[in-house]
Amino acid sequence: MELPLIRLLLITFFIISLQVILRFCAQLHSPMLIDGIGDLLHTLIAYCRRVSARILHSLSLNSEAAADLESESSTQPESTVFLRRYVATAVSSKSSAGKRGLKLSTDTTAEAPNFEQLSCFANGTLYKFAEFTRATQQDLKRDTAKKVGGMKAAEFRQHGKEMVDYIVDYLENIHRRRVVPAIEPGYLRDSLPHDAPQHPESYAAVMEDFEKFIMPGVTHWQHPRFHAYFPAGNSFPSILADMISDALGCMGFSWAACPAMTELEIIMLDWFGKMIGLPPAFLPFTENGQGGGVIQGSASECNFVSLLAARFEVLKELRQRFPFVEEGLLMSKLVAYCSKEAHSSVEKACMIAMVKLRILETDSKFRLRGETLAIAIQEDRNLGLIPFFVSTTLGTTSCCSFDVLSEIGPVCQANDLWLHVDGAYGGSAMICPEFRYLMSGIEYAMSFNTNPNKWMLVNFDCSTMWVKDRYKLTQALVVDPLYLQHSWMDKAIDYRHWGIPLSRRFRSLKLWFVIRMYGVEGLQNYIREHVRLAKKFEQLLRADDMFEIIGDVVMGLVCFRMKASNEINQALLTKLNSSGRIHMVPASLNQQFVIRFCVCAEHASDRDIQIAYDIISQTAQHMMHDGIGEPLVEEAELEMLEEKAYASPEDALKREMSRSVSGALDGTTPSNEEFLEKKSARTLAEKRSFLVRMVSDPKCYNPKIVRHLNMTSYRKMSEDVARDRTLRQTIGGSKLTRPRYLTNEVCDRSGSEGGTTSVTNASGEEDITVALQGTGLQTPM
């Protein structure tokens, strides 16, 4: 009798020790240790139950209850067994032992009551420890659920409201911030941990770090004095629509994947196409029509996809005409066209598609004309090349010029070329009828795109694209594995065949929200107000003798410069951007460094325009008064890297000093020591402040980039011609003339009798003869 009781007491005290360990493990958040100790406790508790049952049975307290307790210990759930055991022990005792608490008697003659007390004490202790174990495991489960991370519904409801308040406060007080951050590259690396956190962190901690580390490095595109690039669409209806889209989490690659996403996108392309006045052939619901629209991620995707469709069409025809010619040879002869003011994505698209691109000159208003295109097409066909694609622009990045579609369209139609119109910025303005004359000739186009996420208050990304023949687009991109097929394919549109990516966001939802909550009239008034403010800024500059306007002000963009050298205009922009009070970017037009001023903020006002003009005018006056003593180091470094024209550091210094003399207003020149000291003292932020490369079009920032791109393209074409020995023998000894597409001058071909031209590139390389008569397919590069 005493031995089982001693065992029970020892185990009880051992359980007490395990309790202490269990608490320590709970503080360490160690699930493995807690589970192990919990299993050990359950084993000990089961053993203690059996020992307690035998003790109760030997004391004849209630044999039947003890037997039931012992049998239940192996069949009932833990909590039920513990509770029933504790109640049975208390009821069955029928003595005062259970009421004497946990105090043990010291009377050795009252052995039975002492055993009964110890038994009740053991059972009570075990019950408490069982409850503690369960509570600890429940707490651990709750902690684990919390540490899996994320946010519960109640927390999201609370923090979501807080986030809306934060967004509204940010936009209402954005004018109090610097437009551009005063930081250097790599500023964030040492501010954040080098490794991701192992345990979840609170929303408050994340937002605190966001305001402390992220916001100081943000360029505020919605700032009233942000006048760089083009507008970044932003509005409360669009933000709310994106919230719903993100919450739905749909991937609308097919109609079956999300029918509402596909159907709303079709309807929005029909709405928007009618708003901007597209011909019915482009609209999806035109009776017996083959046109249609799709929302891509960006204008770059639209340019690339249209190029792929055009390439597929011409290769399909060439394979029928030349069935025994390698496809690689056929592709090597394809050539596309764009103006030098076209978006850089056209060049990138040609690089990826592995076709040649010929960049054409523009007229005095920076527009591509039909005659220029026609001459280039004929020249390339005489070289054995195959023209197939023309990309035009409505609202170029550099100066918002508009290519003359009414002239280019008939040329493309006569030569069976795919005409694509990129209206990323200017296309949205066509919802105003007074601007639609600029898209005269759109009926000749095969595809057209515009970006509501630029100038129609829709947040990025949302680039709308239309095609006259959707089958020509989809057949170039169709890939149809079994797991993407569904039973409605013969009746529904699957947008996975209309672009590069498979998964697609619910972009049409925010376009729907914006159009409905602003209305067509509201969006028209928004665009007209931006144009009016741009005209106001133009008037302020024209009334100031220090400045001149470059190009026509048609939309919300004004290109201007000081009536001074390029170096002074560079310095002006550098000083303006480094002040943090205003932000603009440059462009290169006719070898002139010009400053782009674009009206971007949704609620821009006359006061904002006046403030911007005052900042620019005052800074220019200070520069005219103080003068410029040294050239911009960034420009000198660019010339050293691109041209490699300096034989030694001494020569470089002499050239920089000579440029300094020609660009200085006061005629003074610093000494070598002063110049080197100033150069070394410049911080990285000061050196690169003007060199804020435009994300969408880097070649607009430096004339040398334009010249480099043009000459690279022409050099490749010249090398191709140079490898054709038969051609050179045919036209050998003929009179040499410089071709128009290299000299940027129109050649008078009426007096050419030899039927040849000569290519002399700007780098002084040897002249290469080019034929003006067709000679058939040529050897590929």
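Start by selecting Arg358 and Asp380: both residues are buried, where buried means under 20% relative accessible area, exposed over 50%, and partly exposed in between (1.4 Å probe, protein chains only). Their side chains form a salt bridge, with the closest N and O atoms 2.9 Å apart; the term stands for a side-chain nitrogen of Lys or Arg within 4 Å of a carboxyl oxygen of Asp or Glu. This pair links distant parts of the chain, from Arg358 in strand β3 to Asp380 in helix α13 (residues 370-382), 22 residues apart. Helices (H or I, at least four residues) and strands (E, at least two) are DSSP runs, numbered from the N terminus.

A word on what you have loaded: this is a predicted model, in which local features need pLDDT of at least 70 and side-chain atom pairs count only at pLDDT 80 or more, while totals for chains, interfaces and linings use all residues. Residues are numbered from 1 along each chain as its sequence is written, and side-chain values use heavy atoms, with hydrogens and water left out.

**More charged pairs**

Side chains of opposite charge can pair when their charged atoms come close. Next, select Asp242, Asp246, Asp461, Arg505, Arg507 and Lys510, which salt bridges with shared partners join into one network. A search of the whole structure finds 27 salt bridges.

Move to helix α9 (residues 259-275), where Lys274 and Asp270 are four residues apart and so separated by about one helical turn. Their side chains meet in a salt bridge at 3.2 Å, N to O. Which of these two is buried and which is exposed? Lys274 is exposed, at 53% relative accessible area, and Asp270 is buried, at 7%.

Then pick Glu327 and Arg319, another salt bridge, at 3.1 Å from N to O. Glu327 is partly exposed with a relative accessible area of 36%, and Arg319 also counts as partly exposed, at 33%.

**The sheet**

Now switch to a cartoon view and find the open sheet of seven strands, ordered β1-β7-β6-β5-β4-β2-β3 with mixed pairing. Two strands pair if DSSP finds at least two bridges between them. The edge strands are β1 and β3 (356-360), each pairing on one side only. From one strand to the next, the twist averages 20°.

Zoom in on β1 and strand β7 (residues 463-467): they run antiparallel and are joined by five bridges. Within this pairing, Gly292 stands opposite Val467 in β7.

Axes here are lines fitted to C-alpha atoms, for helices over the stretch in contact, and angles run from 0 to 180 degrees between N-to-C directions.

Gln296 sits in strand β1 (residues 292-296). Is this residue buried or exposed? Gln296 is buried, with a relative accessible area of 4%. A polar atom of the Gln296 side chain lies 2.9 Å from the backbone oxygen of Trp498. Leaving out residues up to four places away in sequence, Gln296 touches Glu301, Cys302, Val305, Cys462, Ser463, Met465, Trp498, Gly499 and Arg507, with contact meaning heavy atoms within 4.5 Å.

**Zoom out**

The chain has 26 helices and 13 strands, and buried residues make up 50% of its 781 residues.

Conventions
Polar contact = N/O pair within 3.5 Å; in protein donor to acceptor, adjacent residues only side chain to side chain.
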